[in-house]
Amino acid sequence: MEKIIELHNIIKEFDGERILDNIDLDIYDKEFITILGPSGCGKTTTLRIIGGFETPDSGECRFDGKVINDVPAYRRHVNTVFQKYALFPHLNVFENIAFALRLQKVPEDEIIRRVREMLDMVALRGFEHKNVNYLSGGQQQRVAIARALISQPRVLLLDEPLGALDLKLRKDMQNELKNIQQRTGITFIYVTHDQEEALTMSDPVVVMADGKIQQVGTPIDIYNEPVNAFVADFIGESNILDGVMLEDGRVRFSGREFVCVDGGFEKNEPVDVVVRPEDVDFVAPEKGMLTGVVSSVTFKGVHYEFIVDIGGFKWMIQSTDFVDQNEKIGLSIDPDAIHIMHKSEYSGKYGDYSSFSDELDELSNADTVEEEL
Amino acid sequence: MKKSAKGSFVAAPHLVWCVLFIIAPLLFVIYYSFTDSEGAFTLDNILALPEYGDIFLTSIEMSIIATFLCFLVGYPLAYFISRSSERQKKVYMILLMLPMWTNLLIRTYSMMAILDDGGFLNSILTALDLAPVHIVGTKGAVIFGMVYDFFPYMVLPIYTAITKIDHRLIEAAADLGCNSAQTMLRVILPLSRSGIVSGITMVFVPSISTFYISQKLGGGTFELIGDTIERQFQSYSTYNIGAAISLVMMILILISLAVMNRFSDEDAGSAGAARIAGTGK
């Protein structure tokens, strides 16, 4: 596959605050790439640099190998689906979608044909003359997608396009977007703070935090092989423990030695150890590699979620087996369920569930929906 | 029950004000229009109106030109101010409103002192060995006076409308291929329509009814409809014809307001809907 967009050492500051710190990223033709990160991580700014709405302070943005730092937005073969859609309130559905074609002075009959095609694609046939202000969020979303796709851009930028939709609609639109991307073969660059959305739709996922790219990889790689405590915690749930890598295949944490499959670390190197909550099995206390006491149980539908106190460290464990609160249990962990990471600036900040509550989690999620730079 | 009683109590002073100073005078205008100086009913006043047709036309023509010039200069200025930094905006706003703190009449007088044949401008021109210009007493001077006096009323509503436009719409336009001229024409101009309509109304209405501008800057060489009305009311015997002209003026203005409001209503409707759609998510 060919590279379509390359970002080299992009640095961007606002009021002396560094929003993007040396971003290096290659984006390939025809892929669905997601930039994932919490509020304020620089993901939207990255997108705006590609779209031509911001100019990097230093570094290069290339399109098809050519530097486009100074090419204005209206001359780029890149279109955007904006957060909250930004439909033109003075134009109806047809004219919103036809907007780009009218600028290109496309003949009227072709405009009609292509707008119809777009309306069919986003399942809005018959909405031509509707006032965009009276459409539902999902319908406005579809108009925004049709409007951005009609001029057949090489790249479509999507800035948290599903943020304002309810959960059910969001799931439908995720499938639909993925579908549209595969049918049209247009490169989609999708920005979101929602890790589930990123895992569902993307070819590669780019995880960003604090203006830096933390990891680029397929959803499976990112989930199974996070590079540091931030990624492990941001994507899914993780128990992150302080450990020491004794030698390849042998790691010590939680007061005992475990067999693992990772290697390539220095002898006795301090490391972060990740154990996913679903990878831990309950066994009888005397048979367990570790023993602990269940401090809370939450029913989640498909499984139960336990917070288990093991030597003062609170683990999150998900299991379909039920164990009651305050019960003593043993835990068994397979070697390939233990993932070892080098220490990073994020070590010790994440992966401890001692102050965990669902309520807090929801609060912090709601926070990230807020608009950002 | 109690609440609505309270409501009407609070509204009472306003109601009294309306009746005394708005409705009663209007009724007087209508009464005088259809009576003679003895107080008997007559249509003579109305039938005499075609006599003033030319003056009506001149007034309409000049106020349309003045309004158009205000728009031509005011729109770019409003746009420019809306795009400047917050601090600059404050400075421009003060500069724009400062003249409004001086009475219109006084401003017109001082304009006369500047533009008169022996005035400030001509003494500079003569000192520079340039030919003096005759301005006061021409239609151009009156139009200039209208533009000068009512210009802020054009800029302010347009400025407000432009600042209300969501910046993302301008980015969306650029994203879809608009250069800055096309963005202006296809997005900013149509979305600031309500401001344009109020601006035009607020300049046109005082322009068409002005009398002191034409008296001072027109040098008494021609008459606008405002002057005619003023003259009729200077002697008791012509009150009735003055009232009839006023009535027709009011009707004309009401008609043009209604036409204007149709435009801005459509706009306000969709903007309101946008707000509802925005919060209803």
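This is a predicted model: local features need pLDDT of at least 70, side-chain atom pairs count only at pLDDT 80 or more; totals for chains, interfaces and linings use all residues.

Student: What percentage of the 373 residues of chain A count as buried?
Tutor: A residue is buried if 20 or more other C-beta atoms, placed from the backbone, lie within 10 Å of its own, exposed if 12 or fewer do, and partly exposed in between. For the 373 residues of chain A, the buried share comes to 42%.

Student: Why is helix α1 of chain A described as largely enclosed by the rest of the structure?
Tutor: Helix α1 of chain A covers residues 43-51, and its buried residues include A:Lys43 and A:Arg48 as well as A:Leu47, A:Ile49 and A:Ile50. Just after α1(A) comes A:Gly52, with a positive phi of about 95°. α1(A) is largely enclosed because its buried residues number 9 of the 9.

Student: Is A:Glu160 buried or exposed?
Tutor: A:Glu160 sits in the loop between β7 (155-159) and α5 (167-184) of chain A, and has a positive phi of about 40° although it is not a glycine. Most residues other than glycine have a negative phi. With 23 other C-beta atoms within 10 Å, A:Glu160 is buried.

Student: How many other C-beta atoms does A:Asn22 have within 10 Å?
Tutor: A:Asn22, in strand β2 (residues 17-28) of chain A, is not a glycine either, and has a positive phi of about 60°. A:Asn22 is partly exposed, and its count of other C-beta atoms within 10 Å is 15.

Student: How are α2(A) and α4(A) oriented, roughly parallel or roughly perpendicular?
Tutor: Helix α2 (residues 93-103) and helix α4 (residues 137-149) of chain A have axes 7 Å apart and pack at about 30°; axes are lines fitted to C-alpha atoms, for helices over the stretch in contact, with angles from 0 to 180 degrees between N-to-C directions. Angles under 35 degrees count as roughly parallel, over 145 as roughly antiparallel, 65 to 115 as roughly perpendicular and the rest as oblique. Therefore α2(A) and α4(A) are roughly parallel.

Student: Which residues of α4(A) make the contact with α2(A)?
Tutor: Two residues are in contact if their C-beta atoms, placed from the backbone, lie within 7 Å. From α2(A) come A:Val93, A:Asn96, A:Ile97 and A:Phe99. From α4(A) come A:Val143, A:Ala146 and A:Arg147.

Student: At what angle do the axes of helix α3 and helix α7 of chain B cross?
Tutor: α3 (residues 53-83) and α7 (residues 139-164) of chain B have axes that come within 6 Å. The pair is therefore oblique. The crossing angle of α3(B) and α7(B) is roughly 40°.

Student: Which helix gives the most to the side of chain B that touches chain A?
Tutor: Here 21 residues of chain B are in contact with 22 residues of chain A. At least two residues each come from α8 (167-175), α9 (180-191) and α13 (239-279) of chain B. With 6 residues, the helix that gives the most is α8(B).

Student: How many residues of domain 2 of chain B are in contact with domain 1 of chain B?
Tutor: Chain B is divided into domain 1 (1-33) and domain 2 (47-269), with 31 Å between their C-alpha centres. Domain 1 of chain B contributes 4 residues to the contact, and the number from domain 2 of chain B is 6.

Definitions and conventions: Residues are numbered from 1 along each chain as its sequence is written. Chains are lettered from A and ligands numbered from 1 in the order in which they are written. Helices (H or I, at least four residues) and strands (E, at least two) are DSSP runs, numbered from the N terminus. Domain bounds come from an automatic or database domain assignment.
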